[in-house]
Amino acid sequence: MICCRQGNGAAWGGKDDAGRKEEGRMSDFMKKFSLDSRIALITGASYGIGFAIATAYAEAGATIVFNDINQELVDQGLAAYEEKGIRAHGYVCDVTDEEQVQALVARVEKEVGVIDILVNNAGIIKRIPMCDMTAEQFRQVIDVDLNAPFIVSKAVIPGMIRKGHGKIINICSMMSELGRETVSAYAAAKGGLKMLTRNIASEYGEYNIQCNGIGPGYIATPQTAPLREIQPDGSRHPFDQFIIAKTPAARWGETADLQGPAVFLASEASDFVNGHVLYVDGGILAYIGRQPQ
Ligand code: NAP
Ligand code: GCO
């Protein structure tokens, strides 16, 4: 089978030995981006970014396993996946509870199979001025956004080692690099998550496990809805306008913007990418910001 690089993109489709393009066949090169026969656990994926990543993984051939914090959300998620023609496996599990996580992974390995891909997506944020924040509130954010990725990664790595490969993707943030008012706990957690990503990459790379991060910019999900509320006078939220000015793409991200990067980092195409945080931010981190008109 010949794979040639022509301007018409023929390199992406297979050609038979007679040089005829075989319609619909995926070239050997493109198979590197396939997730066929892979089992992917995406935490907190009943909706939002996790749901979008999971649907992309299903499209790429993976079996989808997700958890959420209560049965109602899991059922909501199962229905949402079914609406997209995806038969997902949903489980109730609080990712901050090590016993629940260990039990979840054992049950998934028994009912579905050993996990090949983990996306540590579940997360919370509390927007409170630091000096008004209680230590308990700070701890709650660290618990979900940093301790939980440690707990879940620790639970799935042994299976990945047995299998001889694994992909761990931590959902970081602009706050892995930048601070801002009222998000001290979240920034501390996401900064720590960047370094946990690098450490997992360092410690388990020899087992053919790659651990990378995705750093979304400002994405339109329930988590950022308060920052985009239309004001009583019908104007856009000041923060909404601020983000538009800080983003070269001059728009909020959509969860769909994260799907391609997430598939890449979960596929064999990224087997030599390890310990990297891929920022999917429309250029925010590169940009000083649009000057006021
Ligand atoms: P979201 O809409 O708030 O969804 C977060 C999901 O995590 C929800 O399903 C939530 O369930 C679940 N979750 C929270 N705590 C949990 C726990 N202890 N155990 C299990 N599940 C739990 O957030 P999102 O915007 O999709 O964000 C997803 C991830 O991307 C988060 O890590 C967030 O920090 C990160 N991120 C978001 C943005 C953005 O602009 N949206 C940008 C950068 C990074 P509940 O409904 O019960 O809370
Ligand atoms: C905030 C936002 C951000 C985004 C995201 C940016 O209040 O600043 O919620 O933290 O969620 O993390 O990458």
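**Helix α7 and its packing**

I looked up what the buried residues of α7 pack against, and found α1 (48-59), β6 (117-120), β7 (166-171), β8 (209-216) and β9 (277-280). Contact here means heavy atoms within 4.5 Å. Helices (H or I, at least four residues) and strands (E, at least two) are DSSP runs, numbered from the N terminus. Helix α7 covers residues 259-266, and its buried residues are Pro-261, Ala-262, Val-263, Leu-265 and Ala-266. I take buried as under 20% relative accessible area, exposed as over 50% and partly exposed as in between, with a 1.4 Å probe and protein chains only.

I note for the record that this is a predicted model, in which local features need pLDDT of at least 70, side-chain atom pairs count only at pLDDT 80 or more, and totals for chains, interfaces and linings use all residues. Residues are numbered from 1 along each chain as its sequence is written, chains are lettered from A and ligands numbered from 1 in the order in which they are written, and side-chain values use heavy atoms, with hydrogens and water left out.

**Cavity**

I looked for cavities, meaning sets of points on a 1 Å grid over the protein atoms alone where a 1.4 Å probe fits but cannot get out; lining residues have an atom within 4 Å of a point. The count is one cavity of 30 Å³ or more. The largest cavity holds about 40 Å³, a volume being the space filled by probe spheres set on the points, which are joined across faces, edges and corners. I listed its lining as Thr-43, Val-95, Asn-120, Asn-121, Ala-122, Val-144, Ala-148, Pro-149 and Val-152. Helix α4 (residues 135-163) supplies the largest share of that lining, four residues.

**Salt bridges**

I counted 11 salt bridges, each a side-chain nitrogen of Lys or Arg within 4 Å of a carboxyl oxygen of Asp or Glu.

I checked Glu-268 and Arg-38, whose closest N and O atoms are 3.6 Å apart in a salt bridge. Glu-268 lies in the loop between α7 and β9 and Arg-38 in the loop between β2 (21-26) and β3 (39-43), so the pair ties together parts 230 residues apart in sequence. Arg-38 is buried at 19%, and Glu-268 is partly exposed at 43%.

Asp-116 and Lys-163 also form a salt bridge, at 2.8 Å from N to O. This pair links the loop between α3 (98-111) and β6, where Asp-116 sits, to Lys-163 in helix α4, 47 residues apart. Asp-116 is buried at 1%, while Lys-163 is partly exposed at 35%.

How values were computed: On a 1 Å grid over the protein atoms alone, a cavity is a set of points where a 1.4 Å probe fits but cannot get out, and a pocket is an open set with protein on both sides within 12 Å along at least five of seven lines; lining residues have an atom within 4 Å of a point.
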